[in-house]
Amino acid sequence: MKHNLKAIFFVFPLFCFLLTGCEENLRTEVERAFFVNKSSLALFVGDEVQLVASPTDGTYVYRWSSEDVSVATVDKDGRVKAVGTGVTHIIVKAGDLENRVEVTSVVKVPLESVTLSESYLELLYGDKATVLAACHPENYNYSEDIIWYSENPDIARVEDGVIIVTGEGVTSIVFQSGNIVERVVVDGKYTRPFKGPHTLSSAAPCEVPAANFDFGGEGFAFHDNEPENKTGNAGYRLTHGDSRGAPVEVEGNGNNIGYTSANEWLVYTLNVEEAGAYFVEASVSANGNNAKFHVEVNNENVTGTIHIPNNGSWSSWRWHPLPPLEIHLDQGEQRLKFYIEDSGFNFRALRFTKK
């Protein structure tokens, strides 16, 4: 028994040695390769670019050449120069190994000028507008970085030529590429006259239909307590380009405003040519006992509460108050707010007469 055990003991190490030798014979040779830092180049005639082959530890000796030296040349260190238009390859060899880098070379055509599709925009708060830039020459292939920016982002902002109004005032939207600078003036407002201007002067009284309240929408040109239109008729405002005025109950073809409710209001932008005292009155018809309103100029109540007598009709129009109230208006653009303190009346128009 002991003899047999010894035999097994001495055979085992020999077997392990044979296995190790097999593993070494199974090992594959490491693949030979080298790399170039660019696989292709797009250059303007006259441009130079340094190509780098790696590894750089002396494993390989690199030889550089160009397939077409009329398009691009390369020196012994891999520096490429575009000398003419066309497409060629830079070839780099290391022994029997080879890499190719495609080179496209064109003549540089710089951007010379830009024409913007707009020079002046009148926009409402929240409006968007796209300004297009026509670049000259049309076949340009080179420009400095193109940027759009606003001189006052509190009034208007811009991204890639798309402008959005963020406040009220006048600012410029700027297109810039290197020394090329073009501007679009943006006049942003919360409200604008509808079918205006409504001009006040001593020449004649100015009558403004109630349905012609400003463009601008809820919270700016008007406040209506319900978003739905109880008349189902939003055509008058839509026909004249107002997509935001639908909640206001305009009756007929702009004849009057009905379904008035307490704390609703309407804004009218006036162009006052002559500063001074004006008489103001409203054409209304009351079918309730609590109907009342007041008038504000630039958010200041200038009339106090005006009660409207009940005349038993929604369409028997009367001018109130009697006599008209006198208010002072400064020259220039003024915003007047017709404020409904309590319901029970329809509203047809405002009239201003210079004292």
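I looked up sequence separation in the contacts first. Among contacts in the protein (heavy atoms within 4.5 Å) between residues at least 6 apart in sequence, 64% join residues at least 24 apart.

The model is predicted: local features need pLDDT of at least 70, side-chain atom pairs count only at pLDDT 80 or more, and totals for chains, interfaces and linings use all residues. Residues are numbered from 1 along each chain as its sequence is written, and side-chain values use heavy atoms, with hydrogens and water left out.

Next I looked up secondary structure. I found 2 helices and 31 strands in the protein; these are DSSP runs, H or I of at least four residues for helices and E of at least two for strands, numbered from the N terminus. The radius of gyration, over C-alpha atoms, is 41 Å, well over the 20 Å of the globule rule for 355 residues, so the protein is more spread out than a compact globule. That rule is 2.2 Å times the number of residues to the power 0.38. I noted a box of roughly 130 × 80 × 30 Å for the C-alpha atoms, along the principal axes.

I then turned to burial. Buried means under 20% relative accessible area, with a 1.4 Å probe and protein chains only. Of the 355 residues, 40% count as buried.

Cys-135 counts as buried at 18% relative accessibility, and Cys-206 is buried with a relative accessible area of 10%. I counted 0 disulfides, a disulfide being a pair of cysteine sulfur atoms within 2.5 Å.

Key. Buried < 20%, exposed > 50% of the residue type's maximum accessible area, 1.4 Å probe, protein only.
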